[in-house]
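Subject: Structure for your review

Dear colleague,

Please find below the structure that I am handing over to you. My findings follow directly after it.

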Amino acid sequence: MNDKQHTIKAPVTVSGIGLHTGAQATMTFCPAPINHGYKFQRVDLPGQPIVDADVDNVVDLSRGTTIEQNGARVNTVEHTLAALVGLQIDNVLIQLDGPEPPIMDGSSYEFIKPLHEVGLEEQNALRNYFEIPDEIRYVDNARAVEIAGLPLNNYRLTVMVDYNSPVLGSQHASLTDISQFESEIASSRTFCFLHELEALYKQNLIKGGDLSNAIVVVDRVVSEEELSDLAEMLGKPKVAVKKEGILNNVDLRHKNEPARHKLLDLVGDLALVGRPLKGQILAARPGHAANVAFAKRIKKKMQEADSSPIPTYDPSRPPVMDINQIAATLPHRYPFLLIDKIIHLDANTVSGVKNVTMNEPFFQGHFPGNPVMPGVLQIEAMAQTGGILVLNTVPDPENYWTYFMGIENCRFRRMVKPGDTIIFKCELLAPIKRGIAKMGGKAYVNGKVVMEAEMSASIVRKDN
């Protein structure tokens, strides 16, 4: 799985008809900045409103997942989102000039192809994975549906379906690594049973449904008269039934294509939690309603975890900035360059790492018999971390200086000693105005606050 966030190198467009609305639409995937996530934009509506791909914005689950925000609605988002998750793309603005993404061939593959053509671009920020901490379970006894999420340092999904049908029978599909999505899952098409087809039409759904973008499973004997009626409904001169029970002799791409498509839907629906996931997902008879209900439980766990302000530090993951990149940004040098890594950086927040060792020059003269890191150097290390955040707001940081202007409400909570790893977190308290930034900062060792302060800094162009 990718460590860094990714977007796409250039905009790319697809066009087609929507499955349920039947409306023609053009959809353009656009590059987006770090931590943007997935957002749809209805460019055909006044003000071109944005709809976040967020489980809290789901408003309808009639044979697909529909989201709505700011007075704009986007139908059937799951196939589009599954393609982005499958390619491990994190940040995309999806511009749409209609109410629904094109259904294309009923799978995600026709989105993946153009995204590959423009290529992916790595971004200088770590992916903000949510690792399922303990079992999360959703059960719907009435529908015999069960979905469970278990801790795992990867993203694996297994889906089992049983439609009590002599044609399909019981099926299962698995994805052991998200990198397999493109080859194993993406081409699996949406499907429905013949007995559902007429009901869906009467519900004003699948207006754009066609035998070229959906599989229709025939699980009973069909008379010639019914076939004629079906042909008229589908706008075809004639339809037939293959002996395996697939309308109009459509060949399956996989023997378990329906189960694989259910897994595809699950990947797309779980994208609505807003962060890439690590965990093992086991789903029995899932559908959009169950997927979304399960996604809401994951998001609740995420919010509980996010209520803790302590940054997480995994030394095995590559940093956002290593010591060479830090030195290229900050003017400090030994023995006054006090930050070893930057592990998180966005528009408002930065987290840095300082490994405290007995080889630090200040330990020779500061309590040599009882080495303690001087508080003033803890503040300086925090200020350098904040300096990275402030310089990140300009396009050419190499042409600017940052000057420490003031400190307020500083408190030292615990001693910092050799062998400790300090995690600094600085956050803007207000937008930067006239080159002045005010930040709140905390320093942590082993998950406990050792120091905190509010700092002011000025950013000044070097030629001034």
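Setting aside residues up to four places away in sequence, Ile50 touches Lys39, Phe40, Gln41, Gln69, Asn70 and Leu93. Ile50 belongs to strand 5 and is partly exposed, its relative accessible area being 26%. Between Ile50 and Glu68 there are 18 residues of separation in sequence, and their C-alpha atoms are 9.3 Å apart in space. Please bear in mind throughout that this is a predicted model.

The protein has nine helices and 24 strands. Of its 464 residues, 52% are buried. Among contacts with a separation of 6 or more, 70% are made by residues 24 or more positions apart.

Salt bridges

Side chains of opposite charge can pair when their charged atoms come close. How many salt bridges does the count come to? The count is 21 salt bridges, taking a side-chain nitrogen of Lys or Arg within 4 Å of a carboxyl oxygen of Asp or Glu.

One of these pairs is Lys299 with Asp56, whose side chains meet at 2.7 Å, N to O. Lys299 lies in helix 7 (residues 288-306), whereas Asp56 lies in the loop between strand 5 (50-52) and strand 6 (58-60), so this pair ties together parts that are 243 residues apart in sequence. Is Lys299 buried or exposed? With a relative accessible area of 11%, Lys299 is buried, because buried means under 20%.

The side chains of Arg73 and Glu68 form another salt bridge, also given as 2.7 Å from N to O. Here Arg73 is partly exposed, at a relative accessible area of 34%, and Glu68 is partly exposed as well, at 28%.

A further salt bridge links Glu146 and Arg137, with 2.1 Å between the closest N and O atoms. Both partners are partly exposed: Glu146 has a relative accessible area of 34%, and Arg137 has one of 37%. Elsewhere, salt bridges that share partners join Asp54, Asp56 and Lys299 into one network.

Helices

At what angle do the axes of helix 1 and helix 6 cross? The axes of helix 1 (residues 78-86) and helix 6 (residues 257-270) come within 7 Å and cross at roughly 80°. The two helices are therefore roughly perpendicular to each other, because angles of 65 to 115 degrees count as such. On the side of helix 1, the residues that meet helix 6 are Glu78, His79, Leu81, Ala82 and Val85. Their counterparts in helix 6 are His261, Leu264, Asp265, Val267, Gly268 and Asp269. Sorted by class, this contact has five nonpolar, three polar and three charged residues.

Which residues of helix 2 are buried? In helix 2 (residues 109-118), they are Phe111, Ile112, Pro114 and Leu115. An α-helix has 3.6 residues a turn, so residues three or four places apart point the same way. The cover over the buried residues of helix 2 includes strand 1 (4-8), strand 2 (12-17) and strand 3 (24-31), together with helix 1, strand 10 (120-126) and helix 3 (181-184). Just after helix 2 comes Gly119, which takes a positive phi of about 90°.

Two further residues in strands

Thr158 is found in strand 14 (residues 155-162) and is partly exposed, with a relative accessible area of 28%. Although Thr158 and Gln280 are 122 residues apart in sequence, their C-alpha atoms are 8.1 Å apart in space. Apart from neighbours within four places in sequence, Thr158 is in contact with Ala173, Ser174, Ile281, Leu282 and Ala283.

Finally, Glu452 lies in strand 24 (residues 448-461). Its side chain makes a polar contact with the side chain of Arg413, at 2.5 Å. Arg413 is also among the residues that Glu452 touches, not counting those up to four places away in sequence; the others are Asn409, Cys410, Arg411, Gly441 and Lys442.

Yours sincerely,

Your colleague

Definitions and conventions. Residues numbered from 1 in each chain as written. Heavy atoms only, no water. Helix = DSSP H or I, 4+ residues; strand = E, 2+ residues; numbered from the N terminus. Polar contact = N/O pair within 3.5 Å; in protein donor to acceptor, adjacent residues only side chain to side chain. Contact = heavy atoms within 4.5 Å. Buried < 20%, exposed > 50% of the residue type's maximum accessible area, 1.4 Å probe, protein only. Axes fitted to C-alpha atoms, helices over the stretch in contact; angles between N-to-C directions. Parallel < 35°, antiparallel > 145°, perpendicular 65-115°, else oblique. Nonpolar A, V, L, I, M, F, W, Y, C, P; charged D, E, K, R; others polar.
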